[in-house]
Amino acid sequence: MSRGGAAVGKGPVPRQPSETRESLSMKQFRYKDVTSYALMLMLVAWAFYLLDSVHSRWVEGHERTDASEQLVQRSVAIGNALNGKLSTLYGLRSFVESNIETGLVDREFDNIAATLRGNSASIRAVQLVHDGVITHMFPLEGNETAFGHNLLDDPRPAVAVGVRRAYGSDFITIEGPIELKQGGMAVVARLPVRDDRGIWGLAAIVIDLPELFIEAGLTEEDSGLRFAVRDEHHGVFFGSEQVFASHPEQQRIPLLDGYWDLAVAPVEGWLAGAEEQILGFRISGAVILLLLFSLFVISTRSRRLLRRLVERRTQELEALNTELRHEVAARRRTESELIAARDKAEHSDRLKDAFIATMSHEIRTPLHVILGYVDLISDPGVASSEDRSLYTSSMKSAGRRLMRSVEELLHISSLKAGTFSVTPEDFDIVSSVRDLCAQYRPMAKERGLSLVFKSTLASAAIYADRYSLEQAMMNLVDNAIKYTEKGEVEVFVRGEGNDCTLRVRDTGIGIAEEYVRHVFDVFSQEKTGYNRPYDGLGLGLSLTRQFVELNSGRIDVRSEKGRGSEFTISLPTITPVEHGIAEEVRLDAPVPAAGPTLTLIQSMAHVA
């Protein structure tokens, strides 16, 4: 068997034709292309619809703007015409009130009414009404059916109601539009006329609405626009109701005791006058969108060839980018944590230094005073009995200062730990604040200040913890007196609905604008250090706010540097009782005595 025979026996290896693979690939491309083209065509159609809608709205808005300008002019003209007619009522009332007892009204009414009416065709009639009856009428011609008519017995309910309303008013009242007994549509304006016994009757004018609108230049149809007017009850009395159903432009005409709505709409619709403009825009838009669609078809095939390469490279870059984002996010988190830890440590260090400095000052200063006066008292040859009494008082003041510092520390610690106990009870907050002011009068007198207590409430029962609220008020009053060199401190209690407001206002040094937002912070003082001019740990206002919030209240502050401060506490009350006359108790500052004075240091504020 030859080598060639063996090869023939195995036969050729079968292969898939390349035409089949290319045919499948082309079918896939054609399906994607058709889908994208269909979506693009739908998008183009939607864009054409959207642009056409926007353009139509713009055209309609332009038409509405033009119509609105005319509407404003018509409404102003109607308002001016109506107000001009109403002004005649004051002249008629002046004439009647001046001559009501002389009989001149009966003789000269026609002349006065003719003068007031003038050449105005819209004033249908000028009337005087006495006890509900029309006793005077000008002109009588054409109005005979209304002369002598008792308006209070009129079968039209609105007429009698309008007359009674006019009798009970001190101003002009307008009734209508109504159908007149003598025929026609009008409004009736009435103004009370008074004599020595009270209301004598009414001065009235009947304003013919068609003539009024003609005088104001308003017609039902003008320059392709239709106008209509309706009252506040949506009753159309001029023009067609279809105007208000055609999405009109509207302008409100205010009256003395109501209003009218003036509306305008085109006769053939808002877009009827711009059909050619809209058609041209639609043709231009269709051409532009078709060109864009053609460009999309051309660019789609070229983009498809590049898409595969871009996708492959994009996947590689996205993987690298994800790794980088994770690394950057982790680094940023670490940096943020380090910065936060550093800031917290620096803030804690500053608080620690401030706390140590403040506590050292608050403890050492009273102790120096106590130890210094103890030495003076122990030496019988140095001080007299009067001086010893003064030294003892100063020592007590220093002791109270130490005690207050300790109490503030205990309170802030228990509040922070959540162990501060409250005992709610019913008590009168007005009486409590009044007693507190009485306690601080000696301190205010010693500082040369006026302490004023004001209240619009006789009493105000609240359900709250008495101790914490009194501590809060004591802190505010104490601070107001301490930080005020001259002037007054005012404590004002008043009711606001179901709340009771306690306001403490002083004329002291005030608080800087940039420090107001820190005023309730713990251990916070505007000036710190050993050389600060005032004593304290910086806990008083922080405790005050926490005490108020424990009792479901809120506290606000307003202050101006150099002008004083105002703190306001709002608390819910149970039964507030208003004063008939506001209560005010004032302790004026003492007048300084003439001659030389001796200054003794009793306050611990400036003792180093």
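**Figure 1. Glu-488 in strand S13.** Glu-488 belongs to strand S13, which covers residues 488-496, and the view comes from a predicted model. Is Glu-488 buried or exposed? With a relative accessible area of 18%, Glu-488 is buried, because buried residues are those under 20%. Leaving aside residues up to four places away in sequence, its contacts are Ser-450, Val-452, Arg-505, Asp-506, Thr-507 and Arg-586. Take a look at Val-452 in that list: Val-452 and Glu-488 are 36 residues apart along the chain, and their C-alpha atoms are separated by 7.4 Å.

**Figure 2. The salt bridge of Arg-503 and Glu-490.** Here the side chains of Arg-503 and Glu-490 meet in a salt bridge, at 2.8 Å from N to O. Arg-503 sits in strand S14 (residues 499-506) and Glu-490 in strand S13, so this pair ties together parts that are 13 residues apart in sequence. Which residues are joined with this pair into one network? Through salt bridges that share partners, Lys-454, Glu-488, Glu-490, Arg-503 and Arg-505 form one network. Arg-503 counts as buried at 19% relative accessibility, and Glu-490 is buried too, at 4%.

**Figure 3. The salt bridge of Asp-261 and Arg-230.** The structure has 23 salt bridges, and this view shows one that joins the side chains of Asp-261 and Arg-230, with a distance of 3.7 Å from N to O. Asp-261 is part of strand S10 (residues 259-266), while Arg-230 is part of strand S7 (residues 225-231), so the pair ties together parts that are 31 residues apart in sequence. Both Asp-261 and Arg-230 are buried.

**Figure 4. The salt bridge of Glu-425 and Arg-466.** Glu-425 and Arg-466 form a salt bridge in which the closest N and O atoms are 4.0 Å apart. This pair links distant parts of the chain, with Glu-425 in strand S11 (residues 424-428) and Arg-466 in helix H11 (residues 466-482), 41 residues apart. Glu-425 is partly exposed, with a relative accessible area of 33%. Arg-466 is also partly exposed, at 29%.

**Figure 5. Thr-544 and its contacts.** Thr-544 is found in helix H12, residues 540-550. At 0% relative accessibility, Thr-544 counts as buried. What does Thr-544 touch, not counting residues up to four places away in sequence? Its contacts are Ala-472, Asn-475, Leu-476 and Ile-555.

**Figure 6. The largest cavity and its lining.** A search of the whole structure turns up 2 cavities of 30 Å³ or more, and the largest holds about 140 Å³ of space. Its lining is made of 16 residues, with Gln-127, Leu-151, Arg-156, Leu-180 and Val-188 nearest its centre. As you trace the lining, look for strand S3 (173-179) and strand S4 (185-195), each of which supplies at least two residues.

**Figure 7. A nonpolar patch on the surface.** Leu-43, Trp-46, Tyr-49, Leu-50 and Val-54 make up a nonpolar patch on the surface. Together these residues have about 540 Å² of accessible area.

**Figure 8. The whole chain, for orientation.** The chain has 12 helices and 17 strands, and 38% of its 608 residues count as buried. Its accessible surface comes to about 36100 Å², with 56% belonging to carbon and sulfur atoms. Among contacts between residues at least 6 apart in sequence, 65% join residues at least 24 apart.

Notes
Residues numbered from 1 in each chain as written. Predicted model: local features only at pLDDT ≥ 70, side-chain atom pairs only at ≥ 80, totals over all residues. Heavy atoms only, no water. Patch = residues over 30% accessible without salt bridge, like charges linked within 9 Å, V, L, I, M, F, W, Y side chains within 5 Å. Areas by Shrake-Rupley, 256 points an atom, 1.4 Å probe, with all protein chains shown as cover. Helix = DSSP H or I, 4+ residues; strand = E, 2+ residues; numbered from the N terminus. Buried < 20%, exposed > 50% of the residue type's maximum accessible area, 1.4 Å probe, protein only. Contact = heavy atoms within 4.5 Å. 1 Å grid on protein atoms, 1.4 Å probe; cavity = no way out; pocket = protein on both sides within 12 Å on 5 of 7 lines; lining within 4 Å. Points joined across faces, edges and corners; volume = space filled by probe spheres on them.
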